[in-house]
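Me: I have a structure to work through. Can you show me how to read its features one at a time?

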Amino acid sequence: MASITLRDLSKRFDSLIAVNRLSLEIQEGELITLLGPSGCGKTTTLRMIGGFETPNDGEIYFGERPVTWLQPELRNIGIVFQNYALFPHMTVYENIAFGLEMRKEPPAKTRERVSAILHKVQLAGLERRYPHQLSGGQQQRVALARALVVNPAVLLLDEPLANLDAKLREEMRFYIRGLQREFGITTIYVTHDQSEAMVLADRIALMKDGRLQQLGSAEDIYRRPSNAWVAEFIGLSNFIRGTAAGRDGGSLTVRTPAGIFACAGDSPAGDVIICVRPESLHFGGTHANRIPVVVRERVFLGNLLDYQVDGPGGLRLRVQADPSRIFAPGTPVDLSFSPADAWVVRGSDG
Amino acid sequence: MAGVDATVVATPSGTGARRFPWIAFLIFPTVIFLAVFFLIPYANMVYMSFLVKPETGAYIKQFTLGNYARALRDPFYWKVLKDTFWYALLTTGITLVLGYPLAYHIARVPKRWRGWLLVLLISPLLVSIIVRSFGWMILLGKVGIINTLVRRYGGPELHLMYNAVGVVIGLVHVYLPFMALSIAGALQTISPDIERAARSLGASPWHAFWRITWRLSLPGVFAGTLLVFVLAISSYVIPILLGANNVLVMPMVIVQMLLDAFNWPLGSALSMILFGFTVALLWFYVKLMNRALRWSIR
């Protein structure tokens, strides 16, 4: 078990900068997800940590041990790939025993440990099957068992659930989370699926174009996005453009074409964007910020109603409300939202 | 009719057992072609190999085992047969050793380069085998480029042509693309992640290759070796041009028997003997192959 430190890590492929001065500290036993759209550098980062790519700049440490230039086989890592990368010519048993064999463990001990981990991942009895004789979920668990049986210092997971069907994917999230807690192993989990990241991660490292956009808990990132891109990538958000007009007590005053609003944020100046989640906009209500709007469209989503509304100054907003009160299209109504739910980010890099 | 359609819809991946497989008729043109141009001539040869060769004329229709007896009793033919298999084996081994790294490189290079490398690899096949053999003569001959250079630096004269060395060089050159292509095809299907997984589990690059990549590429290795071996056994032009008459292989002897000695029955018998030994050898090889590839049988 070890913490992982990335210091100013960079990787270029020809003219493309895949990872750009990435610094990250992952605590011992923590599960961190690298989240971002495809091409954001998350997989390249994982490969550098695994030793399959050499960084152009920067350093990687496992605990105090610098591993930047170490071959993968000397790093003591466990890794699970999207396609599982099981050895198709080996049985389940041989797959899992491979790492122990490479470590020259005595056969008796190997048998013992393989059988213990097979029980843990509920695959006992399937030792002699070949990978192609297993279901996707079973292959996934073999891959996990193979990575964990060698007691690696860190566990690296590269979109491990992407090839499973939706229902199984949901189950496996909790399964992986449980397994990781049980082993207490420092884990980096690469995914492009935000709900997966939110369920699994202690902290999420959100990446775009090779750069770290924000590092924090799911709640941090959802409630206090560092920029408009983050707000847009995670969940749904309304954006109201405006100009910062100073502080008033605890809140930030923002002037917009749709009115003047009291907001929260890290006091940026000049052009700003107010991010308001659709569920933070309330019909009626007594919150400090009010906008008169006209209902334009309404969609029934079961547990809530999804509205598109038109506000002053060409503003179009999305509102998600509980279905107890229903507003027909064309109805004029007042929206209100709390300053605490109006998070302000800089407008220039939107 | 509706019932049949319903069955099809219900099993889209198709057990198809209840439907007549009309699509199988698509192989008919090939079957007819092979029957007319391959099976019938071959059957004719089998027939002829059991006929008697008279003093004059091609054959008389009288059954005999004499041609086989004569061929199998004569140590000369045994030696030619042994040499033929030996050159083919050597060619297969050398193309494997040279072709594997080539194939590995082609399979692992970025996709945009791969097409060009494949074109380069098969470009020698665009030149006629005769032209290529003459090219080798210019290089390998007594006053060829290699010997001229070696002599200039005081080296001994190298006997590179009109012997087994020249023949094997020529064969390796011609059949290398077949080996490399077969292996590259197999290597391309192996995800680089599989090697990465092996490395992450503590395997050195050599171990990862030997325990994983090599094993998984065996289907390509088997295909390539089979192909090259069979092609090399039946090669005729290269042994003639680069071996002169110092190297004798079965196809040469068979052609001499058919055209020069005008002994069709014996020539046919020799063909059948070569064919029989080749098939027997391949049968063992395929057995071995199936055992090694047991894991891939679904």
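This is a predicted model: local features need pLDDT of at least 70, side-chain atom pairs count only at pLDDT 80 or more; totals for chains, interfaces and linings use all residues.

Me: How do I read which face of a helix is which?

Reply: An α-helix has 3.6 residues a turn, so residues three or four places apart point the same way. Now take the case here. Met172(A), Arg173(A), Ile176(A) and Gln180(A) are the buried residues of H5(A).

Me: Which elements do the buried residues of H5(A) pack against?

Reply: They pack against S3, helix H4 (136-148), S8 and helix H6 (194-200) of chain A.

Me: What follows H5(A)?

Reply: Gly184(A) does, and its phi is positive, near 60 degrees.

Me: Next, the strands. In what order do the 6 strands of the open sheet in chain A run?

Reply: The order is S6-S7-S8-S3-S9-S10, and the pairing is mixed. S6 and strand S10 (211-216) are at the edges with a single partner strand each, so one side of each has no neighbour in the sheet. On average, neighbouring strands are turned by 15 degrees against each other, direction ignored.

Me: Why is strand S8 (residues 186-191) of chain A described as largely enclosed?

Reply: Count neighbours. A residue is buried if 20 or more other C-beta atoms lie within 10 Å of its own. In S8(A), 6 of the 6 residues are buried, so the strand is largely enclosed by the rest of the structure.

Me: Which residues of S8(A) point one way, and which the other way?

Reply: Thr186(A), Ile188(A) and Val190(A) point one way. Thr187(A), Tyr189(A) and Thr191(A) point the other way. All of them are buried.

Me: How many bridges join strand S3 (residues 31-35) of chain A to S8(A), and is the run parallel or antiparallel?

Reply: There are 5 bridges, and the two strands run parallel. In this pair, Leu34(A) stands opposite Val190(A). Strand S7 (residues 154-158) of chain A is also joined to S8(A) by 5 bridges, again in parallel. There, Val154(A) has Thr186(A) as its bridge partner.

Me: Which strands make up the closed barrel in chain A?

Reply: The barrel has 5 strands, S11-S12-S13-S20-S14, with mixed pairing. Neighbouring strands here are turned by 55 degrees against each other on average, direction ignored. Strand S11 (residues 238-248) and strand S12 (residues 251-256) of chain A pair in the antiparallel sense over 4 bridges. Arg255(A) in S12(A) is the bridge partner of Thr243(A).

Me: Now the whole chain. How many helices and strands does chain A have?

Reply: Chain A has 8 helices and 20 strands. Its C-alpha atoms fill a box of roughly 75 × 45 × 35 Å along the principal axes. Of its 350 residues, 42% count as buried. For sequence range, take contacts between residues at least 6 apart: 67% join residues at least 24 apart.

Me: How is an interface usually sized?

Reply: The size of an interface is often given as the accessible area lost when the parts come together. Here we use contacts. In this model, 20 residues of chain A are in contact with 17 residues of chain B. On the chain A side, strand S6 (77-80) and helix H2 (92-102) are the elements that give two or more residues. By class, that side has 12 nonpolar, 6 polar and 2 charged residues.

Me: And chain B? What span should the 29 residues of helix H13 (residues 264-292) have?

Reply: They should span 42 Å, and the end C-alpha atoms are 41 Å apart, which agrees. The buried residues of H13(B) include Trp264(B), Leu270(B) and Leu274(B). Among the elements that the buried residues pack against are helix H4 (75-108) and helix H12 (250-260) of chain B.

Notes: Residues are numbered from 1 along each chain as its sequence is written. Chains are lettered from A and ligands numbered from 1 in the order in which they are written. Two residues are in contact if their C-beta atoms, placed from the backbone, lie within 7 Å. Ala, Val, Leu, Ile, Met, Phe, Trp, Tyr, Cys and Pro count as nonpolar, Asp, Glu, Lys and Arg as charged, and the others, Gly among them, as polar. The expected span of a helix is 1.5 Å times one less than its number of residues. A residue is buried if 20 or more other C-beta atoms lie within 10 Å of its own, exposed if 12 or fewer, and partly exposed in between; C-beta atoms are placed from the backbone. Two strands pair if DSSP finds at least two bridges between them. Axes are lines fitted to C-alpha atoms, for helices over the stretch in contact, and angles run from 0 to 180 degrees between N-to-C directions.
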